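Dear colleague,

Please find the structure below, together with its sequence. My findings follow directly after it.

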Amino acid sequence: MAAINKRAATHAGRRSVKKAWQAAWLLRAVRLMDLTTLSGDDTRVNVKRLCHKAKIPVRQDLIAAMGVEGCNVTTGAVCVYPSRVPEAVEFLKGTNIPVASVATGFPAGQTPLEHRLGEIRWAVEQGAHEIDIVLNRTLVLECKWQEVYDEVVAMRKACGEAHMKTILATGELGSFYNIYKASLVCMMAGADFIKTSTGKEPINATIPVALVMIRAIREYHERTGFKVGFKPAGGIRAAKDTLSWLALMKDELGDDWTQPDLFRFGASALLTDIERQLYHHVHGRYAAQHQMPMA
C-alpha cells in the first residue's frame, strides 16, 4: 500500500504536456471518451442530443484552426441505459461510433443473476456493441472468488460478440487486495475491459486504485499474452485530469493502452472542459461555457 501511494503521489507531481502537444493529447482524450448519460430523467431528446455531440464533439471552427479536419474526431462510444439503446442505435446509424449499455442491475448489481443475464441479452439484441456489467460486490467481500468467476463467465457468454467491460465498483471493495484479486478474476473470466466505478459510489476513479488495476492488467498480459483494457470512470471532470491519466497509461502499460480499443474514459461533464481548453489553444483565451455546444 505504501509503495502504491508513493507512486501515485510522484505521478501527481509531474509536469504536464504543453502547447501543441497538449492539444494533441486532448484530441486523443476525446476519442477515448464514452460520452454518457445515466440519469433517471433520460429521454429520447437527451439521447439524440448526446449522439449528435458524439458525432461532432469539438466545434468545427476549432478543428479547422488546428488543421485536423481529416482525422474524423468523434467520441469513443455513447453509453446509455438498456432502455435507451434502440434510440442511440437509431441516432448513430451510419457512423462507426459504438453504442455501450450498462446492464446487470446497474449500479448495485443486486438483482437475481438470471435477470442480470436477461438484461445483457436484451441490450445486445437491441444493437448494443459494448456492455458495461457490474460486479457482485457481496461475493467479493465474502471472498467467494469461484462464484465471482462463474457469474462473470456467464455474463461474458450472454454478451456474445459484444465487448464486455466489468465495473469493479472499487469504492465498495474494501481493500487493495480485493481490488487486485477481483481484477485478475474478471480478466480470467473473459472481461475485455476492467472499469473502476459506476460513478455512483462515494469514491470513484483514483490514481492509487488505478495503479492496482493497471498492474494487474500488466501481470495478466505478461503471463498470458492477452491485452485487457482499462476504463476509469466517475469524478473525471477536468481536461488536465485526462492528461494525467494518459501519462499514467503510457508509463505503466505503453502506447497501446492510449488507444480506444484498450483505454476509455467514462465521463459526462468532461467534454465541455476539453473543448474550452482547445478553444484557449486556438484563440489564446478561454470561452465561456455557454459558447460550447451542449452534450
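A search of the whole structure, which is a predicted model, finds 24 salt bridges, each being a side-chain nitrogen of Lys or Arg within 4 Å of a carboxyl oxygen of Asp or Glu. In one of them, E130 pairs with K165, with the closest N and O atoms 2.6 Å apart. This pair links distant parts of the chain, as E130 belongs to strand β4 and K165 to strand β5, 35 residues apart; strands are DSSP runs of E with at least two residues, numbered from the N terminus. E130 counts as buried at 7% relative accessibility, and K165 counts as buried at 1% (buried is under 20% relative accessible area, exposed over 50%, partly exposed in between, with a 1.4 Å probe and protein chains only). Salt bridges that share partners join D34, E130, D132, K165, K195, K231 and R264 into one network.

K250 and D255 also form a salt bridge, at 2.5 Å from N to O. Here K250 is partly exposed at 38%, and D255 is partly exposed at 46%.

The strands form an open sheet of 8 in the order β7-β6-β5-β4-β3-β2-β1-β8, with parallel pairing (two strands pair if DSSP finds at least two bridges between them). Because β7 and β8 stand at the edges with a single partner strand each, one side of each has no neighbour in the sheet.

Residues are numbered from 1 along each chain as its sequence is written. Local features need pLDDT of at least 70 and side-chain atom pairs pLDDT 80 or more, while totals for chains, interfaces and linings use all residues, and side-chain values use heavy atoms, without hydrogens and water.

Kind regards

Methods. Helix = DSSP H or I, 4+ residues; strand = E, 2+ residues; numbered from the N terminus.
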